Structure formats: structure tokens, C-alpha cells
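This briefing covers selected side-chain features of the structure shown below.

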Amino acid sequence: MELTSHRWTPGQKESDSYSKGNAREVMIGREHRVDENGTTRYRYATVSQG
């Protein structure tokens, strides 16, 4: 297996955040700044046969 097509989601307010990957994607990261009103974004990659 191999992780390809890495992408970050747009930033969103943490207290209102929601994120779901597309088909065959897994979450590989999360970045959050400040508090519950700060910005959060998620990083996804596609799982593929290597």
C-alpha cells in the first residue's frame, strides 16, 4: 500500500468543524491553532496499491 494525493482541507472554526475524507482516503494529520475559536484543518491521503 501507498499513500498518494496528499491534501489539506480549508481552515474552519474548531467549534464548528467537520471533516470527512473521500472514497479511499484516510486522515493523516490535523492542525489546530489557538482555542475552540481557532482554525483547524485536516490532511488526507489516498490509499492505493503500491
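S48 belongs to strand β4, which spans residues 39–48, where strands (E, at least two residues) and helices (H or I, at least four) are DSSP runs numbered from the N terminus. The model is a predicted one, in which local features need pLDDT of at least 70 and side-chain atom pairs count only at pLDDT 80 or more, while totals for chains, interfaces and linings use all residues. Residues are numbered from 1 along each chain as its sequence is written, and side-chain values use heavy atoms, with hydrogens and water left out.

- When neighbours within four places in sequence are left aside, S48 is in contact with M1, E2, T4 and R24, contact meaning heavy atoms within 4.5 Å.
- V26 is placed in strand β3, which covers residues 25–32, and with a relative accessible area of 34% V26 is partly exposed.
- Not counting residues up to four places away in sequence, V26 touches L3, R43, Y44, A45 and V47.
- Between V26 and T4 the C-alpha to C-alpha separation is 10 Å in space, with the two residues 22 apart in sequence.

**Salt bridges**

- Over the whole structure, a search finds four salt bridges, each defined as a side-chain nitrogen of Lys or Arg within 4 Å of a carboxyl oxygen of Asp or Glu.
- One of them joins the side chains of E25 and R7, at 2.9 Å from N to O; because E25 lies in strand β3 and R7 in strand β1 (residues 2–8), this pair ties together parts that are 18 residues apart in sequence.
- Within that pair, E25 counts as buried at 15% relative accessibility, whereas R7 counts as partly exposed at 27%.
- E31 and R41 also meet through their side chains in a salt bridge, at 2.8 Å from N to O, and this pair links distant parts of the chain, with E31 in strand β3 and R41 in strand β4, ten residues apart.
- Salt bridges that share partners bring E31, R33 and R41 into one network, in which the closest N and O atoms of E31 and R33 are 3.5 Å apart.

**Rings**

- The charged end of R41 sits over the ring of W8, 4.1 Å from the ring centre, under a rule that requires NZ of Lys or CZ of Arg within 6 Å of the ring centre and within 35 degrees of the ring normal.

**Nonpolar surface**

- L3, V26 and I28 form a nonpolar surface patch, with about 220 Å² of accessible area together, the areas coming from the Shrake-Rupley method with a 1.4 Å probe and, for residues, only the protein chains shown counting as cover.
- Patches are made of residues with over 30% relative accessible area and no salt bridge, with nonpolar side chains (Val, Leu, Ile, Met, Phe, Trp, Tyr) joined within 5 Å and like charges within 9 Å.

Terms used. Buried means under 20% relative accessible area, exposed over 50%, partly exposed in between (1.4 Å probe, protein chains only).
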